[in-house]
Amino acid sequence: MKEEADTTKDGRGSGVLVFESEYTNITMSSCRKLQPFLHDAWDGARISNTTKSGPQSISRPRVGFHAHIQPGIWGAAIKPLAAQQGSYSRVLPVWVHSERLLPTPKKGAPDWLASVKPCAALDAAFEWLLREPRHIGFDEGARVEYDALRQRWMRQNRERSRDLSAFFTRADAHVRRIAAVYAIVGRKTEVTRPMLQAATAFVEYSMSTVEWLESQAGRKNRRRDVIPVDDRILSALGRLGGRATRTQLFAALGGMVPRAEIDPALDFLIEGGRIEPVMVPREAGARGPAPRAYQVVESVPEEAEPVKQVKKARPARTARPAKKAPAARGRSACASAQPEESAPKRRSRQAKTAKTAPPSPALALFPEE
């Protein structure tokens, strides 16, 4: 199709839409064969194939995914090795709570798809985009906030397990792409802070989805521990900058934690001194009580107690040898005169030397702010 589009004047476009009724068929059976091509196509690298008629290649491929998978099949279909190789950091899993139902058409009425009207704003944005080459970039406020977001997510990813962090290695790139879409819809060439924050909220919702799926999935030959609610709240607070209201926490958790479990977990964290409640000042003209927020308590390293100097003990005086008692007569005397057998002495084991921890790659690869 690519060759036909390049060599024929009236040839159809090189784009192709592949429909697969079951996405798990790709992930479970063909993932190893498709992985190298999908990775290169996603990154825009050249892909090629050799056939009987000759080699075929695409210099600048573009690829996107839109798939549906059941949460119960997640653990069996999404392999940890494939995730660590980068197959699932290129997609954004999103938990769908319910489906939208379209009305049933009346008898004799046209197809219900005819009632679906295209969005005029999207049509105008598409025409604006194709009118001339556009370069989308950040304004100064969005650029500074985007760099701070990248640093924060990098630190959080180092604290996650390897299987979980493999899904989030390209989270900042997803934010940049989605923010560019918001700019195109608004027909702007600069990404503003509201656009960036909207894109960040969507990606964080996807991250909460992966955390929930990974905690619920029971994989064979692998130990799975369900992440407690309090740990998930701390993780959500970290993604939100260390401070959030109860409503923001519920949204960051993706609505996958019942509200009845959030309050006991918050009380537990407050009692443990890991978070603290703070009052948020109300906006001008707002009524009702001031909103309440929760922020992470930064742990202060405890000062080491001064080591007390122990005085050296004086050497013990050598005891004088006791005088030998006179030997007693009789049978019992002979028995008591025999020296007692001393217990065999145990060999003193050498103390094990502590293993030296390997050098942390965080010092060289992940510089702090």
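Start by selecting L113, which sits in the loop between α5 (80-84) and α6 (120-131). Keep in mind as you click around that this is a predicted model.

Next stop, the helix pairs. Two packed helices are described by the angle between their axes and the distance between the axes, and that's what to look for here.

Pick out helix α7 (residues 140-159) along with α10. Their axes come within 9 Å and cross at roughly 20 degrees; an angle under 35 degrees counts as roughly parallel, so that's how α7 and α10 run relative to each other. Show side chains to see who's touching: α7 brings G141, A142, E145, Y146, L149, R152 and W153, while α10 answers with R193, L196, Q197, T200, V203, E204 and M207.

Stay on α10 (residues 193-216) and bring up helix α11 (residues 229-239). Here the axes lie 11 Å apart, at an angle of about 160 degrees. Anything over 145 counts as roughly antiparallel, so α10 and α11 get that label. Their crossing is right-handed.

Which residues of α10 and α11 meet? On the α10 side, select E204, M207, S208, E211 and W212; on the α11 side, R232, S235 and R239.

Last, leave E204 and M207 highlighted: these α10 residues take part in the contact with α7 and also in the one with α11.

Key:
Residues numbered from 1 in each chain as written. Predicted model: local features only at pLDDT ≥ 70, side-chain atom pairs only at ≥ 80, totals over all residues. Heavy atoms only, no water. Helix = DSSP H or I, 4+ residues; strand = E, 2+ residues; numbered from the N terminus. Axes fitted to C-alpha atoms, helices over the stretch in contact; angles between N-to-C directions. Parallel < 35°, antiparallel > 145°, perpendicular 65-115°, else oblique. Left-handed = near helix turned anticlockwise from the far one by under 90°. Contact = heavy atoms within 4.5 Å.
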